[in-house]
Amino acid sequence: MGSKKKEIALQVNISTQELWEEMLSSKGLTVVDVYQGWCGPCKPVVSLFQKMRIEVGLDLLHFALAEADCLDVLEKYRGRCEPTFLFYAGGKLVAVVRGANAPLLQKTILDQLEAERKVLAEGRERKVIKDEALSEEEERFSHAKDGGEDADVASSEKTCTLAIIKPDAVGHGKTDEIIMKIQEAGFDIIMSEERTMTEAEMRLFYQHRAGEEAFEKLVHHMCSGPSHLLILTRTEDTEDVATAWRALMGPCDPHVARREQPDR
């Protein structure tokens, strides 16, 4: 009986500087999904990557995962809720896509792959970029340190926060109702995913409540079944999205919440 071929992983997990350097030396185009440990990789785009692997093969197209907190080179991407995809070719950054925008990702992959083929086959010059959003933030920070006039300019990027619809609400079929209320409150949902959270993820997410008596019970409950994860932002006003979300949620203590906000 013939042995089965070992399936090649779709996305290589880059967890060390050595693996990062190895990725940079890969021939062709590499798409790196930069994610946060408490949020996990962007699952909605996996089917797109699988489709593209079938269509164009893996000779010059590679996919990778990298947790921002694990690599010093990704320090500037830490704490960002919005999915970030970095495109590398010849060890250089050639494109960046923010958000789980499948059509834009597909177009960028095809465009950059074609450009890299021309670089390799015809010796054309590779177009290298800087992450413009990060460069703008660095510029503003520099002005602020030097007392520049533009120190109070707000970031052009949307701020985001992670909201989790808990397993009991998901289990009772209340997800759609809750999402509707969130949208009615002025929040925009830029990413949505349903999955069961791991204990490590929940301990990290609720680390600010680690000293509470009910901490272990909370972690156990959050891992007891599928939760619904939402990346939220706001566009209608300038209020910080995390502050606005906490105000909408009200007190963490359910007894206090029922007393102070009985209609929620």
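User: Is Glu193 buried or exposed?
Analyst: This is a predicted model, where local features need pLDDT of at least 70, side-chain atom pairs count only at pLDDT 80 or more, and totals for chains, interfaces and linings use all residues. Residues are numbered from 1 along each chain as its sequence is written, and side-chain values use heavy atoms, without hydrogens or water. Buried means under 20% relative accessible area, exposed over 50%, partly exposed in between (1.4 Å probe, protein chains only). Glu193 has a relative accessible area of 9%, so Glu193 is buried.

User: Which side chain has a polar contact of 3.4 Å with that of Glu193?
Analyst: A polar contact is a pair of N or O atoms within 3.5 Å; within protein, one must be able to donate a hydrogen and the other to accept it, and residues adjacent in sequence count only if both atoms are side-chain atoms. At 3.4 Å, the partner of Glu193 is Arg195.

User: How far apart in space are Glu193 and Cys42, C-alpha to C-alpha?
Analyst: In sequence, 151 residues separate the two. In space, the C-alpha to C-alpha distance between Glu193 and Cys42 is 8.7 Å.

User: Is His228 buried or exposed?
Analyst: The relative accessibility of His228 is 11%. His228 therefore counts as buried.

User: With which side chain does the side chain of His228 make a polar contact?
Analyst: Contact means heavy atoms within 4.5 Å. Beyond four places in sequence, the contacts of His228 include Ile164, Val170, Glu193 and Ser192. The polar contact, at 2.6 Å, is with the side chain of Ser192.
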